[in-house]
Amino acid sequence: MNLTQYKALFIVVTAVLALLVASPALQRVLVYPRTEFFSEISLLGPGHVAENYPYNITSGENYTVFLGVANQLGACAYYQVEVKFRNETQSAPDSFNRTPSSLPSLYILNAFVADRESLEVPVNFGFDYSFQNVVRTVYTNVTVPGGLGQNGTVEQRADNVTVLQANFDSLKFNGETLNLQGYSSDWNPQTNLFYGNLIFELWIYNSTIGSFQYHERFVDLKFNMTSAGLGGTFVG
Amino acid sequence: MRVSLGVLLLAAISIAVLSVPSVVWAQQNSAASAISAAQSKLVQCYDAARAAESASANISQLTSRLNSAGLLLSRAELAYSNADFGSAQSLAVQSQSELASFVSDANSLQASAAQSRTFDFLLNIVGSVVGTVAVLVGGFVVWGFLKRKYGNDGGVQKSESDAV
């Protein structure tokens, strides 16, 4: 028997066996390091999918969405989701400047999420609001013709117009009643709606400074506050 | 007699009216301090959960408890902002009691995770490295043995063929 012709086979068998035995250690050593650390905030519709979000809102009706927070930061995180409500003219969070809305939060949801885990919170909400006519002063620029050989001048004219306004009373949020008194939304003839915007801003606890910081993420729901009680005239 | 009764009645009403704000103020104060204590407790427990997680412990149950306590705290803060100080205090206390023994649970989870991590290290890293070295050394030894045995036989065969 010539042993040298089995040398290569013997080396290959030994090497494969050695690799098999070394695989548990190699598995831990040859791990591609994590380079991206981030958090996610998401909203899903009532069917747990990204569709059929509530849009046309009726006073007194209840709606359901699912709020999700996922953690890929490499360690357990302590989040707060600040719930805010605004109309068209009020401060909104800014994705470009990465700033939160300056409005006060109506409710703060504490959320703890372990690394590589996510938390889903069902959100049941409903608005109570009514409508009333309010007088608004509308300023328009009017060109007043000048005399013979003279140019016309532009003057600003103030007109009082009556507009319909949605006045909010409360927001029912997961069984809690949040006070919305002082919140209102005027009828917008350009967009044909009473605009409402429910915002969920993500804040994160910073252990170094011992307080929460805006985590530069938010999700929101835009609504048309319909006036079903007024015969549906203003339903967008 | 009638005058003194009137004075007494007036004094009683004055005391009652004046004591209402101080009772409310005391309630507000104790609700605020209960909320503040619940917030501190939540942060302390969060730190304990983080430490357990860094020792590779599965902290799903811990985060679940933290979320329950966090929900109670959210409700307490809402009640406080609605000037319902009694409910605010009660909810803040409930939030704290939800986290009773949390730190010790997290610490024991951390200790057992550290223990299983040591065992895992010994088995998978040390065991694997030692096993690999053993396979390689064993391979050399077996090769040497085979070489000595069959290498010599080959030599015998060679010398026989030479003789023929």
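Mentor: Start with H2(B): the helix has 22 residues, and its first and last C-alpha atoms are 31 Å apart, close to the 32 Å expected at 1.5 Å a residue. Keep in mind that this is a predicted model.

Trainee: Okay, chain A now. Which elements are in chain A?
Mentor: Chain A has one helix and 11 strands.

Trainee: Why does the end-to-end distance of helix H1 of chain A agree with its 23 residues?
Mentor: H1(A) covers residues 7–29, and at 1.5 Å a residue those 23 residues should span 33 Å. The end C-alpha atoms are 30 Å apart, which agrees.

Trainee: Where does the kink in H1(A) lie?
Mentor: At A:Ser23, shortly before the proline A:Pro24. The kink is about 55°.

Trainee: Switching to strands. Is the pairing of S4(A) and S5(A) parallel or antiparallel?
Mentor: Antiparallel, over seven bridges. S4(A) is residues 77–86. One of the bridges joins A:Ala77 to A:Val113 in S5(A).

Trainee: And why is S5(A) described as largely enclosed?
Mentor: Strand S5 of chain A runs over residues 107–113, and six of its seven residues are buried, so the strand is largely enclosed by the rest of the structure.

Trainee: How much of chain A as a whole counts as buried?
Mentor: 25% of its 236 residues.

Trainee: What is the radius of gyration of chain A, next to that of a compact globule?
Mentor: Chain A has 30 Å, whereas a compact globule of 236 residues would be near 18 Å. Along the principal axes, the C-alpha atoms of chain A fill a box of roughly 120 × 55 × 40 Å.

Trainee: What share of the contacts in chain A with a separation of 6 or more is between residues 24 or more positions apart?
Mentor: 62%.

Trainee: Last topic, the two chains together. How many residues are in contact?
Mentor: On chain B, 34 residues, and they are in contact with 26 residues of chain A.

Trainee: Which helices of chain B supply that side?
Mentor: H1 (2–54), H2 (60–81) and H4 (102–163) of chain B each supply at least two residues of it. The largest share, 16 residues, comes from H4(B).

Trainee: What classes of residue are on the side of chain B that touches chain A?
Mentor: By class, 14 are nonpolar, 14 polar and six charged.

Note on methods
Residues numbered from 1 in each chain as written. Chains lettered and ligands numbered in written order. Predicted model: local features only at pLDDT ≥ 70, side-chain atom pairs only at ≥ 80, totals over all residues. Contact = placed C-beta atoms within 7 Å. Helix = DSSP H or I, 4+ residues; strand = E, 2+ residues; numbered from the N terminus. Nonpolar A, V, L, I, M, F, W, Y, C, P; charged D, E, K, R; others polar. Expected span 1.5 Å × (residues − 1). Bend = angle between axes of the 7 residues up to and from the residue. Buried ≥ 20, exposed ≤ 12 C-beta atoms within 10 Å, placed from the backbone. Pairing = 2+ DSSP bridges. Rg over C-alpha atoms; globule rule 2.2 N^0.38 Å.
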